[in-house]
Amino acid sequence: MVNEDVRSTAEDIAEMEIRGAATIARAAADALESQARASDASDPAAFRAEMREAARHLRDTRPTAVSLPNSLRYVLRNLDGETVATLRASAVDAAESFRDQLDRAQDDLGEIGANRLRDGDVVMTHCHSTDALACVKAAIDDGKHIEAVVKETRPRKQGHITAEQLRDWDVPVTMIVDNAGRRYLDEVDHVLVGADSIAADGSVINKVGTSMLAVSARERGVPVMVAAQTLKLHPDTLTGHTVEIEMRDETEVLSDDDRERLGSPDVENPAFDVTPPRYVDAIVTERGQFPPESIVTLMRELYGDGTTEPWTED
Ligand SMILES: O=P(O)(O)OC[C@H]1O[C@H](OP(=O)(O)O)[C@H](O)[C@@H]1O
């Protein structure tokens with residue numbers, strides 16, 4: 001029942017061919033739209049069941065970035081109609097308005113984040129975040145000169161994607177290995193990172209290594225700014241759930257040859273870590289910037305009704 005686009009999108013998300021919390025959310029909405037368009041369901045109940053199955057398939061790819069279930073929820077909750085044709089149209093509309101909101105949110109948070117950056121500032125980045133880079137882009141568009149110290153971000157080196165994007169915007173980049181982060185903090189004005197999920201207590205779940213960087217930044221007096229549209233707020237944490245940290249394959253850390261040479265040690269490869277709120281200065285969203293401790297107010301406003309898992313309903 002799950003269509004080919006959904007299967008290939010799910011595979012690409014799992015393999016990180018499609019990656020980054022916002023990009024994953026967009027791809028998931030696109031895939032649900034494709035499922036709706038291609039459906040040959042004979043009646044509304046069959047159509048809804050297909051959409052739920054497609055959503056489950058996409059949901060099961062990666063566990064940490066809440067933008068993925070938030071995106072699936074958005075499309076499924078907006079299904080509306082008494083016939084397959086009207087249901088299909090509602091899915092297409094929902095996917096389109098989801099994409100519009102995502103783009104607008106990123107633009108708006110970029111403007112807000114840019115207000116924190118002064119002409120001549122240097123930012124230190126970790127991993128690759130489109131929300132974080134939107135702040136840099138808006139600052140440049142305001143005529144500010146911005147430079148960047150870009151952390152490589154092992155094991156998958158997403159810092160290279162950041163450097164490539166900054167190169168296209170003519171932002172001078174200094175690339176460093178992750179372990180040089182603390183040494184170069186003296187030369188930067190901000191740490192600027194994205195988020196995969198934000199918990200109700202203001203904890204930031206982001207690429208592994210973020211917490212170490214944030215602790216060092218606090219010690220060095222460098223403000224830590226997290227750029228995260230409200231799609232990254234994790235509603236389940238309002239009711240005490242914790243965010244699952246994805247463990248990825250050991251081959252990302254050690255090649256087969258290296259593993260054999262080292263006597264097959266155990267390898268742990270968490271993709272994310274949790275930065276406690278006391279190490280974060282501001283969470284920049286499209287609704288304004290918030291001290292992490294107050295993000296719960298916004299979360300209640302947006303998700304206070306609690307969450308459902310529309311893909312599990314029969
Ligand atoms: O939504 P945007 O800001 O683009 O990305 C947010 C976060 O998603 C990425 O995770 P991964 O590379 O998919 O594991 C990084 O942790 C990044 O900070």
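The shell around the ligand divides into 6 nonpolar, 7 polar and 4 charged residues. Here Ala, Val, Leu, Ile, Met, Phe, Trp, Tyr, Cys and Pro count as nonpolar, Asp, Glu, Lys and Arg as charged, and the others, Gly among them, as polar. Keep in mind that this is a predicted model, where local features need pLDDT of at least 70, side-chain atom pairs count only at pLDDT 80 or more, and totals for chains, interfaces and linings use all residues. Residue numbers start from 1 along each chain as its sequence is written.

**Around the ligand**
- In total, 17 residues surround the ligand, and the closest are Gly 20, Ala 22, Ser 129, Thr 130 and Gly 194 (a residue is near a molecule if its C-beta atom, placed from the backbone, lies within 6 Å of it).
- Helix H2 (21-38), H6 and strand E6 (204-207) each give two or more residues to this shell (helices, H or I, have at least four residues and strands, E, at least two; both are DSSP runs, numbered from the N terminus).
- Domain 1 (4-108) and domain 2 (110-303) each supply at least three residues of the shell (the bounds come from an automatic or database domain assignment).

**The annotated active site**
- An unreviewed UniProt entry has the annotation "active site" on Cys 127 and Asp 196 (positions use the numbering here, feature names are shortened, and annotations may be inferred rather than shown by experiment).
- These residues span 70 residues in sequence, yet no two of their C-alpha atoms are more than 11.4 Å apart, so they gather at one spot.
- Cys 127 sits in the loop between strand E1 (122-125) and helix H6 (130-141).
- Cys 127 is buried, with 27 other C-beta atoms within 10 Å (buried means 20 or more such atoms, exposed 12 or fewer, partly exposed in between, with C-beta atoms placed from the backbone).
- Leaving out residues up to four places away in sequence, Cys 127 touches Thr 153, Gln 158, Gly 159 and Lys 207 (contact means C-beta atoms, placed from the backbone, within 7 Å).
- You'll find Asp 196 in the loop between strand E4 (190-193) and strand E5 (197-198).
- Asp 196 is buried too, with 30 other C-beta atoms within 10 Å.

- The centres of domain 1 and domain 2, taken over C-alpha atoms, are 26 Å apart.
- Contact between them involves 18 residues of domain 1 and 24 residues of domain 2.
- On the domain 1 side, H5 gives the most, with 5 residues.

Methods
Contact = placed C-beta atoms within 7 Å.
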